[in-house]
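Here is a short briefing to read alongside the structure. Please keep the viewer open as you go through the points.

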Amino acid sequence: MAAERNLLKDANREGRIFTDRLVVTLVIFAVMLGLIVIRYYHLQIVDHAIYATQSDQNRLQTQPLPPRRGLIRDRAGRLIAENEPSFVLSVVVERTGGLDEIIERLQQIIELSDDDVAAFQRRRPSTRPYAPVPLKFRISEHERARIAVNSHELPGVEIEAQLIRSYPLADLFAHAVGYVGRINERELQTLPEGPYEGTFHIGKTGIEKYYESVLLGQVGVQTVETDARGRIMRLVEKTPPVPGKDLTLNLDADLQLAAAQALQGQRGAVVAIDPRDGGVLALYSSPSFDPNSFVNGISFNEYAELRDSPDVPLFNRALQGQYPPGSTVKPAIGLAGLHMGLVTPQSKVADPGWYTLPGDDRRYRDWVLRIRGRGHADKVDLHMAIAESCDVYFYDLARTMTVDRMHDFLQDFNLGARTGVDTTNERPGVLPSSEWKLQNRGRPWYPGETLSVGIGQGYMLATPMQLALMTSVLANRGYAYKPSLVAEVDGVVPETERLQLPDIEPSHWQAVIEGMEAVVHERSGTAHAMAKGLQYRVASKTGTAQVIGIAQDEEYDEDEIAERHRNHGLFIAFAPVEAPTIALAVIVENGGGSSAAVPVARAVLDAWLANPDKGVMRHVGLASNG
């Protein structure tokens with residue numbers, strides 16, 4: 001025990017131990033200090049630029065400011081497309097620290113559907129990590145409050161105020177104006193990045209798509225200072241956005257409503273044009289749909305209902321429907337006969353109720369044979385042929401004219417080609433010729449096919465828009481203007497393009513138009529029933545287009561034919577005859593005949609001419625710009 005106590009009291013040994021420990025401590029301290037100095041050197045000298053940039057990005061953020069989309073009004077200033085304030089729930093992915101956990105937490109706080117999450121995941125790859133990605137549109141006040149209360153556990157979650165497109169007149173202008181929808185992945189890959197910064201929507205169809213560059217506006221930008229949680233602390237600088245330009249349409253909401261009410265429950269279309277300037281006064285396709293459903297993404301079930309409907313409400317019959325024009329083309333063919341010197345107003349054709357080609361005993365029947373058992377009269381002239389829609393007269397005229405000469409004349413009426421109206425998805429129709437058949441069917445033209453074209457059947461197809469333009473040419477006696485839906489862009493009137501026919505004798509126009517007047521105003525006219533109570537003179541032509549072929553020894557019996565196989569009813573008209581201000585075309589699919597289209601035309605003409613101030617919109621309580 002004594003030896004141990006002496007050992008503990010060895011001062012030299014204790015000094016050496018202390019010195020060793022001190023040296024070790026100093027070495028460790030020196031190494032650590034060296035590491036700190038090296039790290040500090042890298043941070044401050046070597047990697048200065050990198051961390052300086054990251055620091056600025058954390059502190060200062062540049063944010064896009066989406067512009068207000070241009071408004072769309074009808075010719076009376078009533079709002080058709082406007083912007084409603086709305087709140088959008090977005091997520092900045094890089095700030096979440098765990099995206100799946102944040103979405104799961106959000107689903108516990110507010111109603112968040114699988115469709116919302118799926119759409120969010122589709123948007124992510126094309127969005128930069130520090131940019132907000134929309135997760136849910138139209139957040140309610142209650143949802144905003146719940147998110148605000150739980151914001152401390154929702155890093156990266158933002159609620160932004162935005163303007164969302166709205167269509168207050170719903171289905172009334174769906175096919176004419178179109179709609180906007182969310183920018184999809186395919187569009188994101190092709191759109192320029194700058195103009196669409198902060199914008200989630202783009203014009204998908206109709207005017208909204210055609211005038212996208214005008215309606216969109218120019219994006220603005222602001223630089224803000226944020227805290228570590230991304231909350232804005234201070235606005236540093238701001239360049240405000242430039243709003244999109246407003247459009248005023250030639251379309252008239254009262255006429256649209258008159259067309260919609262007249263077509264109620266029927267498949268069809270109405271196109272009305274002001275022949276004085278080409279302004280499209282009405283463009284309605286029935287049935288229609290609510291474009292508001294597409295703005296923020298239509299649900300699968302709702303879209304499937306529209307897509308699978310046998311009435312095809314998404315199909316724009318006014319521009320995409322290609323129908324045999326039937327007898328509505330007879331005035332133009334009659335005019336061609338006069339202009340080519342093949343007939344005169346006094347020329348007459350024998351009408352037993354059928355027609356045969358030389359050397360062929362096949363009978364091409366007149367529509368009246370089924371009703372009267374004979375023709376319209378022993379001899380038929382141009383006036384009667386137009387007024388009573390005599391097929392035999394036009395069979396004979398078409399044969400002498402030939403299909404190629406008929407093609408060359410009718411193409412000046414813009415048949416067989418898109419009219420160029422300022423909207424999307426217009427189809428060209430078909431104006432056949434022998435060359436067209438050879439190229440498209442690989443077979444020669446047969447004489448009997450010429451007779452079919454002479455009454456607007458066979459290969460001939462036209463859209464209601466084309467027929468309305470053709471009617472404008474007739475109303476103006478030789479010219480028309482390219483149809484235009486838009487009347488003004490921010491108060492500026494766009495230039496109009498004039499379509500001019502070759503010079504035709506005024507007497508020839510007069511003869512044809514007198515025949516068209518007789519359709520309504522003479523007792524034998526095919527639309528004389530329309531004359532009751534009429535307060536203006538109208539020039540018109542009825543038309544019936546076959547949907548299925550009827551064999552020579554068979555009769556068309558509407559009661560025995562399925563509704564979808566019945567004839568289409570057509571009607572063209574312009575009024576007042578002495579100074580036309582409206583030219584229109586109407587089709588009622590499977591309406592049985594022209595009698596289905598005449599009341600629709602009468603309703604639209606009355607809304608324009610007989611009761612221009614009756615204020616249809618006010619009576620039904622629809623929205624106005626007030």
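This is a predicted model: local features need pLDDT of at least 70, side-chain atom pairs count only at pLDDT 80 or more; totals for chains, interfaces and linings use all residues.

Start with Pro 576, which sits in the loop between strand 21 (568-575) and strand 22 (582-588).

**Another cis peptide bond**
- Ser 286 and Pro 287 are also linked by a cis peptide bond, with omega at about 0°.
- Pro 287 belongs to the loop between strand 12 (279-286) and helix 13 (292-295).

- Arg 138 is not a glycine, yet its phi is positive, near 55°.
- You will find Arg 138 in the loop between strand 4 (132-136) and helix 7 (141-149), and its relative accessible area of 39% makes it partly exposed.
- Asp 490, likewise not a glycine, has a positive phi of about 50°.
- The loop between strand 18 (486-489) and strand 19 (498-500) holds Asp 490, which is partly exposed with a relative accessible area of 44%.

**The annotated serine**
- An unreviewed UniProt entry lists Ser 327 under "active site".
- Ser 327 lies in the loop between helix 15 (317-320) and helix 16 (330-339).
- With a relative accessible area of 8%, Ser 327 counts as buried, because buried means under 20%.
- Beyond its neighbours within four places in sequence, Ser 327 is in contact with Ser 389, Asp 391, Ile 455, Lys 541, Thr 542, Gly 543 and Thr 544.
- The side chains of Ser 327 and Lys 330 are joined by a polar contact of 3.0 Å.

Note on methods: Residues are numbered from 1 along each chain as its sequence is written. Side-chain values use heavy atoms; hydrogens and water are left out. UniProt positions are given in the numbering used here, feature names are shortened, and annotations may be inferred rather than shown by experiment. Helices (H or I, at least four residues) and strands (E, at least two) are DSSP runs, numbered from the N terminus. Buried means under 20% relative accessible area, exposed over 50%, partly exposed in between (1.4 Å probe, protein chains only). Contact means heavy atoms within 4.5 Å. A polar contact is a pair of N or O atoms within 3.5 Å; within protein, one must be able to donate a hydrogen and the other to accept it, and residues adjacent in sequence count only if both atoms are side-chain atoms.
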